[in-house]
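Reader: Pick the one spot in this model that you'd zoom in on, and take me through it slowly. I'd like to see what surrounds it and how that spot ties in with the rest of the chain.

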Amino acid sequence: MFPLDDENELVVSTFPSWFPATKNHIPFLYKNSHAPQSVNFEFFVRAKGTTAGRNPNIESILVRNFSYEFPGQIAVVLLSDYSAGFWQQGQQHFDSENLEPVPCVDGWYVSVKFDLVLNGVVHRGEKDLYAQEVSTVYPLLLDALR
């Protein structure tokens with residue numbers, strides 16, 4: 001999350017590039033699923049204190065550049081000259097470039113950079129995002145009895 005001004009913040013997040021596949025399964029007891037080892041980015045300029053919905057504080061916005069790069073590699077530009085406060089990679093109505101998902105390997109990091117003009121004020125930022133595995137375990141028998 002990047003604070004932009006008193007009313008707005010930029011949230012850069014990731015989500016799996018496809019649905020998880022089941023690896024192991026014992027009916028009603030156990031299910032082990034794995035998502036692909038790649039993610040897509042989401043770029044959202046939101047009103048502070050909110051998690052979703054239209055941002056009433058945006059009078060004008062121009063994302064001049066939003067990119068990522070792995071150490072020692074060339075930057076991949078995800079957005080340039082984009083005039084909205086929300087974008088999702090991998091979603092056809094947002095992603096006209098058909099950009100490839102970003103590889104995700106435990107222990108790696110990727111640097112994200114942005115340059116945008118919000119309501120006439122220039123904002124720039126950069127941050128390293130580290131890959132991490134998220135897992136959840138719960139008994140399927142309890143879930144089936146609900």
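Author: Let's zoom in on Phe41, which counts as buried because its relative accessibility is 1%. Buried here means under 20% relative accessible area, exposed means over 50%, and partly exposed is what falls in between, with a 1.4 Å probe and protein chains only. Bear in mind that this is a predicted model, where local features need pLDDT of at least 70 and side-chain atom pairs count only at pLDDT 80 or more, while totals for chains, interfaces and linings use all residues. Residues are numbered from 1 along each chain as its sequence is written, and side-chain values use heavy atoms, with hydrogens and water left out.

Now for the rings. There are 9 aromatic pairs in the structure; to pair, rings of Phe, Tyr and Trp (its six-membered ring) need centres within 6.5 Å, and planes under 30 degrees apart make a pair stacked, over 60 edge-to-face, and the rest tilted. Phe41 and Phe66 make an edge-to-face pair, because their planes sit at 85°, with the ring centres 6.0 Å apart. Phe41 is in strand 5 and Phe66 in strand 6, so this pair ties together parts 25 residues apart in sequence. (Strands are DSSP runs of E, at least two residues; helices are runs of H or I, at least four; both are numbered from the N terminus.) Phe66 is buried as well, with a relative accessible area of 1%.

Phe41 has a second ring partner: with Tyr68 it forms a tilted pair, 5.7 Å centre to centre and 35° between the planes. Tyr68 also belongs to strand 6, so here the parts tied together are 27 residues apart in sequence. Both Phe41 and Tyr68 are buried.

The largest one has 24 residues, and the members that touch the most others are Leu10, Phe41, Phe43, Phe66 and Trp87. Two or more residues come from each of strand 2 (8-16), strand 5 (38-47), strand 6 (61-69), strand 7 (76-79) and strand 10 (109-118). Strand 10 gives the largest share, 5 residues. In soluble globular proteins, nonpolar side chains tend to be buried together.

Beyond its neighbours within four places in sequence, Asn40 is in contact (heavy atoms within 4.5 Å) with Ser13, Thr14, Phe15, Ser17, Gln89, Gly90 and Pro101.

Then there's Arg46, whose side chain meets that of Glu9 in a salt bridge at 2.7 Å, N to O. Arg46 sits in strand 5 and Glu9 in strand 2, so to speak a link between distant parts of the chain, 37 residues apart. Arg46 and Glu9 are both buried. The count comes to 4 salt bridges, each a side-chain nitrogen of Lys or Arg within 4 Å of a carboxyl oxygen of Asp or Glu.

Strands 6 and 10 get a bridge as well. Asp115 in strand 10 and Arg64 in strand 6 are 51 residues apart, and their side chains meet at 3.0 Å, N to O. Asp115 is buried at 17% relative accessibility, whereas Arg64 is partly exposed at 30%. Asp115 also forms a salt bridge with Arg124, the closest N and O atoms being 3.6 Å apart, and Arg124 is exposed at 60%. Together, Arg64, Asp115 and Arg124 are linked in a network of salt bridges.

And the wider setting? The protein chain has 1 helix and 11 strands. Of its 146 residues, 34% count as buried. As for pLDDT, the predictor's confidence in each residue from 0 to 100, the chain averages 83, and 79% of the residues score at least 70.

Conventions: Core = buried A, V, L, I, M, F, W, Y, C linked by side-chain atoms within 4.5 Å.
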